[in-house]
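Dear colleague,

I am handing over the structure below, which you have not worked with before. Please look at it first, and then read the notes that follow it.

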Amino acid sequence: HLLFQLPWGAKVWNFAHKEVHDYVIRNLMEVVEKYDFDGIDLDFARGVVFPAGEGWSNRDQLTSFVRRLRVKLLEIEQTRGRPFLLSARVPQDLMGCHYDGIDVETWTGENLIDIYAIGVRSLGVDVREFRDMIGKQSIRVYVSLDDHHSADGYMWPPIEVFRGVFSNWYHQGTDGIQAFNFKYHGKPLHKQAYQEMAHPEGLRLLDKHFVLARRGGGHGTSVIPNPEDWSTPRHMYANTNMFAPLPAPLDPRGKADTLLKMYIGDDFNTESEQIQQIRLRLLLNDPTTRDLPDEKTWTQTLIRHFRGVDFLYNSPPRKGVEKRLQLRVNNILLTEPVVEDGWLVYHDVDPRVFAVGPNLVGMLLPARAADADSPMLIEKLEVHVAYH
């Protein structure tokens, strides 16, 4: 009864039981007492600690485990005469912590944690929500990024994508960034990301890609559903990106905008004279064109690759859709785009269209009478900024 099985067959410890607490604390203390290091990171966002649906009802048991460990680490502090830090990696927002049985409000109130590392591979995190909860207490907030089980569609992306993500997180007030599954040697992308992620001022006038997250994916297995075959993960919230906005359907009636929140951490208005160009890129998927000849549609385009085994391509829209699609940023209608390699690209977007922080992007396509029951999907949305 101390173990339970996950949907993909793995068996893990059930932290609802004191015997599990005893076992884990005993192992941790063996290491703490033997070696001289600065702290422990409890990774509650990478694994699962309770059976599906039993997390929040067992939150007091997990809090008891953290409380007991904290007391023992404070004793180590007294012996060594210097701090021994305790951090916890948790889901990217408070709602996700509740879903997984993690009572961060109580942990914060009792000062059980020194550092929260929020998220796993989530591009959209809620740093400010954690800041509001922490208040004036001396608890740091870091954001965690996994580039092995990466955000769907953005595995090993261009460095500009990382810069956009880092800019957004620093604008929200993160104290730093935790890299997970990064390789310093042998992967130039990760080495460059390490060199840039700790210097928010140095990121200011570097080219960036701001992107919207896709839900699910990131494993290529049954651990988390892919967005094209989505189902609600019951076993955990962390690592699933279940509230990521994409893919999103366009209204087949052509009446209501599909509304998406795009966060921009750079201040395009203040830096407008330093900006060479802003482009907005949109990738659509039309399930109704699968049987059409190639000459009637755009170029088929890659949506996702995952470690060279999991490839997803779109069903390209019909030619001419680009002339009818209406795209607005903060309710400002953009001029007609061009089609480049299967993407809709809006060139030379006015920096004044954007606000620093959240921006509302709306898309509307007039009704398609012949296929109104099969909505077109927004698969990717990106804003690229190039500086002089």
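In β7, the residue that forms a bridge with Leu145 is Ala179; helices (H or I, at least four residues) and strands (E, at least two) are DSSP runs, numbered from the N terminus. Strands β6 and β7 are joined in the parallel sense by five bridges, where two strands count as paired if DSSP finds at least two bridges between them. Between these two strands the chain passes through α6, and the resulting β-α-β crossover is right-handed, a term that applies if, with the strands pointing away from the viewer, the path from the first strand over the helix to the second runs clockwise.

Before going further, please keep in mind that this is a predicted model, in which local features need pLDDT of at least 70 and side-chain atom pairs count only at pLDDT 80 or more, while totals for chains, interfaces and linings use all residues. Residues are numbered from 1 along each chain as its sequence is written, and side-chain values use heavy atoms, with hydrogens and water left out.

The parallel sheet

The strands β6 and β7 belong to an open sheet of five strands, whose order is β3-β4-β5-β6-β7 and whose pairing is parallel. At its edges lie β3 and β7 (176-180), each of which pairs on one side only. On average, neighbouring strands of this sheet are turned by 25° against each other, direction ignored; axes here are lines fitted to C-alpha atoms, for helices over the stretch in contact, and angles run from 0 to 180 degrees between N-to-C directions. Within the sheet, β4 and strand β5 (residues 115-118) run parallel and are joined by four bridges, with Ser87 opposite Ile115 in β5. Helix α6 (residues 159-172) packs on the sheet, where it touches β6 (140-146) and β7, and its direction makes about 160° with that of β6; contact means heavy atoms within 4.5 Å.

In the loop between β6 and α6 you will find Ser150. This residue counts as buried, at 2% relative accessibility, on a scale where buried means under 20% relative accessible area, exposed over 50%, and partly exposed in between (1.4 Å probe, protein chains only). Leaving aside neighbours within four places in sequence, Ser150 is in contact with Arg121, Met155, Gly218 and Phe306.

Helix α2

Helix α2 (residues 59-80) has 22 residues and should span 32 Å at 1.5 Å a residue, which agrees with the 32 Å between its end C-alpha atoms; the expected span is 1.5 Å times one less than the number of residues. Its buried residues fall within an arc of 150° when seen down the axis, so they line one face of the helix, the arc being that of the directions from the helix axis to the C-beta atoms. These buried residues are Leu62, Thr63, Phe65, Val66, Leu69, Arg70, Leu73 and Ile76, and they pack against α1 (18-34), β3 (39-43), β4 (85-90) and α4 (104-109). On the face turned away from the buried side, α2 carries the exposed residues Asp60, Gln78 and Thr79. After α2 comes Gly81, whose phi is positive, near 80°.

The antiparallel pairings

A further open sheet has four strands in the order β10-β18-β14-β15, with antiparallel pairing. Its edge strands are β10 (258-264) and β15 (332-333), each pairing on one side only. Strands β14 (residues 326-329) and β18 (residues 357-364) are paired over four bridges in the antiparallel sense, and Gln326 stands opposite Leu364 in β18.

Strand β19 (residues 377-387) has nine of its 11 residues buried, so this strand is largely enclosed by the rest of the structure. It pairs in the antiparallel sense with strand β8 (residues 208-211) over four bridges, and there His209 has His384 as its bridge partner. Strand β9 (residues 248-249) pairs with β19 over two bridges, also in the antiparallel sense, with Leu377 as the partner of Pro249. Strand β11 (residues 275-285) and β19 form an antiparallel pair over 10 bridges, where Arg279 stands opposite His384.

Lastly, Ser272 lies in the loop between β10 and β11 and is partly exposed, with a relative accessible area of 34%. Ser272 and Gly218 are 54 residues apart in sequence, and their C-alpha atoms are 36 Å apart in space.

With kind regards
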